[in-house]
Amino acid sequence: MMGPHWNPRATEIAVVLQGQGMVQMVCPSDPKGKVDDDFACRNTKFKVEEGDAFVVPRFHPMTQVSYNNDTFVFVGFSSMAGNNHPQFLAGRSSVLQALDPDVVAASFNASNASTIEGLLASQSDSIILACTSCAEELERITEEDIERRKEEEERKRAEEEAEKREAAATKREEAEVSLKVMDSSPEVDLIIIIKTRRTGSWRFSVVLFLLLTDEKVKQENRVASFVALLLLVQLAMNAWPESCEFKRPV
């Protein structure tokens, strides 16, 4: 494999001339691969074959790995002709070799500098490093990641569809109840709909109909009925109502 490295001043563009291999690239500012509205960068591993082209942006650490019984020949170009010297993270050409061992030891929380010196000295090669079955392992991990993402996407879609169906069913039930009462009680003056949410889904829906005619009595009973219903819901569901909606009959 080609030792892990990054380009400080240029984007790398490569074309595979022969064989096949795996390419791994990680996010420079967030090794875990953060994805949100402000910053979109995902650590990635992908397989390339003869005729494929791939691009690695500036500052992104990467490595190219061949399979055990196959060749992996590619040619790379950079977006800047000069002053772009790849910085290797491992081997005799590693940038860590230029740093003081005590500084590196403190950075990795190692017990002493000799531990770091032994680690850096253990790799005698500079650019092309031995790595048995590394491409095969990267391909296996990549396939597992793809399957895991598919399962996660399917689970999210199923949850969203279930929430939509539940919300639609709640609306239909409320409409049916309202229509039934309106048909049987033409003197209905006010409808109060109170809902509570528990563990992320609708668990309770109450439609309170006040059959009131006198404005003064209406105001007094509205408050009393609302407070009584709040207490009833709290006792029955151990959850306070999330919303309250007042509707006038059409």
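Let's start with a pair of cysteines: Cys131 is joined to Cys134 by a disulfide, with 1.4 Å from S to S. Keep in mind that what you are looking at is a predicted model, so that distance is computed from predicted atoms. In general terms, a disulfide is a covalent bond between the sulfur atoms of two cysteines. The structure holds 1 disulfide, so once you have found Cys131 and Cys134 you have found the pair that counts under the 2.5 Å cut-off between sulfur atoms.

Which hand does this disulfide have? The torsion about the S-S bond of Cys131 and Cys134 comes out at about -70 degrees, and the disulfide is therefore left-handed. Then there's the matter of how much of each cysteine shows. Cys131 has a relative accessible area of 22%, so it is partly exposed. Cys134, at 21% relative accessibility, counts as partly exposed too. Buried would mean under 20%.

Now for the surface. Have a look at Ile13, Leu17, Val55, Val73, Val75 and Phe77: together they form a nonpolar patch there, with about 490 Å² of accessible area. Which strands each supply at least two of the patch residues? They are β2, covering 12–25, and β6, covering 72–78. Of the contributors, β6 gives the most, with 3 residues.

Key. Residues numbered from 1 in each chain as written. Predicted model: local features only at pLDDT ≥ 70, side-chain atom pairs only at ≥ 80, totals over all residues. Heavy atoms only, no water. Patch = residues over 30% accessible without salt bridge, like charges linked within 9 Å, V, L, I, M, F, W, Y side chains within 5 Å. Areas by Shrake-Rupley, 256 points an atom, 1.4 Å probe, with all protein chains shown as cover. Salt bridge = Lys/Arg side-chain N within 4 Å of Asp/Glu carboxyl O. Helix = DSSP H or I, 4+ residues; strand = E, 2+ residues; numbered from the N terminus. Buried < 20%, exposed > 50% of the residue type's maximum accessible area, 1.4 Å probe, protein only.
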